[in-house]
Amino acid sequence: MDEFPDIRTGFGYDVHCLISGSGMKLCGTDIPCDFALSGHSDADVALHALTDAVLAAICAGDIGTHFPPTDPQWKGADSRIFLDLALQLLAEAGGQINHIDVTLVCEVPKIAPHRDNMRESLAKITGMPETRISVKATTTEKLGFTGRREGIAAYAVATAVIRNAS
């Protein structure tokens with residue numbers, strides 16, 4: 001087994017309610033719109049899903065394990081803090097991310113006009129080149145809670161290479 005690199009894939013999923021507002025953060029990017037996301041932190045659903053994906057790659061629990069929503073210190077917190085910790089734990093495990101794929105499921109806001117900024121933001125946060133970061137979106141054809149504009153869902157996959165794995 002030692003002749004093969006230790007490549008792991010982590011998967012993350014998150015959902016937040018849409019509420020009336022003046023914008024939201026997605027992938028660490030400010031998105032101006034007539035909606036906001038409800039949550040204990042800044043509710044960046046994409047960074048939450050990505051945090052879970054990174055943690056999953058090293059079997060380190062989930063975002064709620066490290067940042068419980070019942071803890072008042074995380075009220076309104078920038079979700080970048082959560083992803084930064086996951087990346088730190090990955091580095092301590094001898095690993096690094098080599099590919100990220102994020103899918104946002106929503107009717108609003110439209111993601112395409114912000115996709116490049118989202119990829120750039122994720123590149124800055126992770127230290128990865130944008131060529132290894134995918135951000136895309138889809139709708140549910142007006143079906144379910146995302147179709148009724150009640151919330152946004154995010155799926156994330158993080159591929160990591162682990163060196164000196166145990």
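In this predicted model, the buried residues of helix α1 are Val45, Ala46, Leu47, His48, Ala49, Leu50, Thr51, Asp52, Ala53, Val54, Leu55 and Ala57. Because twelve of its 13 residues are buried, α1 is largely enclosed by the rest of the structure. From its first C-alpha to its last, α1 reaches 19 Å, which is close to the 18 Å expected at 1.5 Å a residue, and the helix is followed by cysteine 59, whose phi is positive, near 55 degrees.

Five strands form an open sheet in the order β4-β1-β7-β5-β6, with mixed pairing. Since β4 (35-38) and β6 stand at the edges, each with a single partner strand, one side of each is left without a neighbour in the sheet. On average, and ignoring direction, neighbouring strands are turned by 30 degrees against each other. Helix α1 packs on this sheet, where it touches β1 (6-20), β4, β5 and β7, and its direction makes about 155 degrees with that of β1. Further along, β5 and β7 pair in the antiparallel sense over ten bridges, with isoleucine 100 standing opposite alanine 158 in β7, while α4 lies across β5 and β6 and runs at about 140 degrees to β6.

Key: Residues are numbered from 1 along each chain as its sequence is written. This is a predicted model: local features need pLDDT of at least 70, side-chain atom pairs count only at pLDDT 80 or more; totals for chains, interfaces and linings use all residues. Side-chain values use heavy atoms; hydrogens and water are left out. Helices (H or I, at least four residues) and strands (E, at least two) are DSSP runs, numbered from the N terminus. The expected span of a helix is 1.5 Å times one less than its number of residues. Buried means under 20% relative accessible area, exposed over 50%, partly exposed in between (1.4 Å probe, protein chains only). Two strands pair if DSSP finds at least two bridges between them. Axes are lines fitted to C-alpha atoms, for helices over the stretch in contact, and angles run from 0 to 180 degrees between N-to-C directions. Contact means heavy atoms within 4.5 Å.
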